[in-house]
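Hi,

Here is the structure I promised to pass on. Have a look at it first, then read my notes below.

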Amino acid sequence: MSKTKTTFFCQNCGAQAPKWIGRCPSCGEWNTYVEEVLQKDTGKNRSPIKSDSKAAVPHLISEIEAGKENRINTLNGELNRVLGGGLVTGSLVLLGGEPGIGKSTLILQIALKLQGKKILYVTGEESEQQIKIRAQRIGEASDSCYILAETNTQRIFQIIENMQPQMVVVDSIQTLHTDVIESSAGSISQIRECAAEFQKYAKITNTPVILIGHITKDGSLAGPKLLEHMVDAVIQFEGERNHGYRILRAIKNRFGSTSELGIYEMSGTGLREVINPSEILLSNREKNLSGISIAAMIEGVRPMLIETQALVSSASYGTPIRSSTGFDTRRLNMLLAVLEKRSGFRLGAKDVFLNIAGGIRVDDPAIDLSVVVSVLSSNEDIAIDQNICFAGEIGLSGEVRSVNKLEPRLAEADKLGLEKIFVSKYNLKGIQQKDYSIEIIPVGRVEEVFAKLFG
Ligand code: TYD
Ligand code: MG
């Protein structure tokens, strides 16, 4: 009798153990271990990819030619930017995001646009007809994009071998299964094994492979850390599903920076690239509303102006509500505490709601000043002039701290015709007012900003 080999996997972090344990020693979660059948010992399980039979020999690093990394222009400026200048051949890219955010749409759009490149789009989630309907919706026709509805990697690699595609897309990695492993599709061991097969394939044939992956409830990629280690780049789609805007971020990139950001808008005909992000702000602006101010922020190397909106009202029940979308609530609480304690604004008994326009999540600390100003503006019910913007971080003692990359922020605000920008007075080294037509107003503390704005 042959023995069936099983292992226990943590469904949260992918750690494995030979026997069941209650608490994962790697991620600390309780009761996450599940037994998965790795292999029925039948002796005929083989990896589906043929590797080169040449044995590797060591080379002196000084003798290795670096060559130029070969990048495929995806014809999608935002994606190229996030990938660091195009898709590197032979790389394995993981695209993550919540269901319905637009992963399949983005990748199909790219596959259709790359005319003349033989692309294999493997779909395990939708039927060929469903993909066709989506392609019609996007309104792009291609004569070199093949759709394959198949989930077994052995058969997929057979087809790949006959077809020799120049790029492979897998939608999604969670639906695939390989014969080498017995457990069901979507389990940790299956995801890992399938991803490993594609990794090997990408490296051996120098074909780029894009894997689409789902995200778990808490926002991490399913089958999370283990996939992150295996792929060359992890890019993630973010945004409120009900808002039109989508942000594409690189979380890991072996061939580029991770601070870059791509912005898309979901339209009736697929994802539209947002080339000028400040348009998010400049659309639908109402005149003279209190609680709205403009932040000059930076994501990656790209400056953009964005609206912060606050609503402050008296709390109707005992404990006031503090809620924010697109901004860290803890940071909002901290800013409110600073306003209360250091600057004497009475907000303790007020509900405060904060929203970043366009459903975008912002990490840049320079947005603090604008957040504080919109809170104060709503509290006083005095509107802020639409031609003023802000860039400054707020410290725990109420001081306005300097921010990095001030010049591009000034240039962007200038370009959009704003008239004044409030910045930290510690930020002015090397900045010449005469280089900009926007008036630069240096401030040291939150109260100063308040005095200058509301008199
Ligand atoms: P989808 O790409 O299937 O999301 P994912 O693969 O991440 O699960 O589709 C996302 C949503 O976008 C879906 O609700 C339908 C909508 N959509 C549009 O609004 N316009 C379009 O042109 C397309 C193709 C989809
Ligand atoms: Mg999909």
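Let's start with one pair of residues: Ile292 has Gln309 in strand 16 as its bridge partner. Strand 15 (residues 292-299) and strand 16 (residues 302-314) pair in the antiparallel sense over 8 bridges. Strands here are DSSP runs of E with at least two residues, helices are runs of H or I with at least four, both numbered from the N terminus, and two strands pair if DSSP finds at least two bridges between them.

Before going on: this is a predicted model, where local features need pLDDT of at least 70, side-chain atom pairs count only at pLDDT 80 or more, and totals for chains, interfaces and linings use all residues. Residues are numbered from 1 along each chain as written, chains are lettered from A and ligands numbered from 1 in written order, and side-chain values use heavy atoms, without hydrogens and water.

Now the ligand. Which residues are closest to ligand 1? They are Gly100, Ser104, Thr105, Ser267 and Gly270, out of 15 that surround ligand 1 (a heavy atom within 4 Å counts as near). An oxygen atom of ligand 1 is 2.5 Å from a side-chain N or O atom of Thr105, a polar contact being a pair of N or O atoms within 3.5 Å; within protein, one must be able to donate a hydrogen and the other to accept it, and sequence-adjacent residues count only if both atoms are side-chain atoms. Helix 2 gives the largest share of the shell, 3 residues.

Cheers
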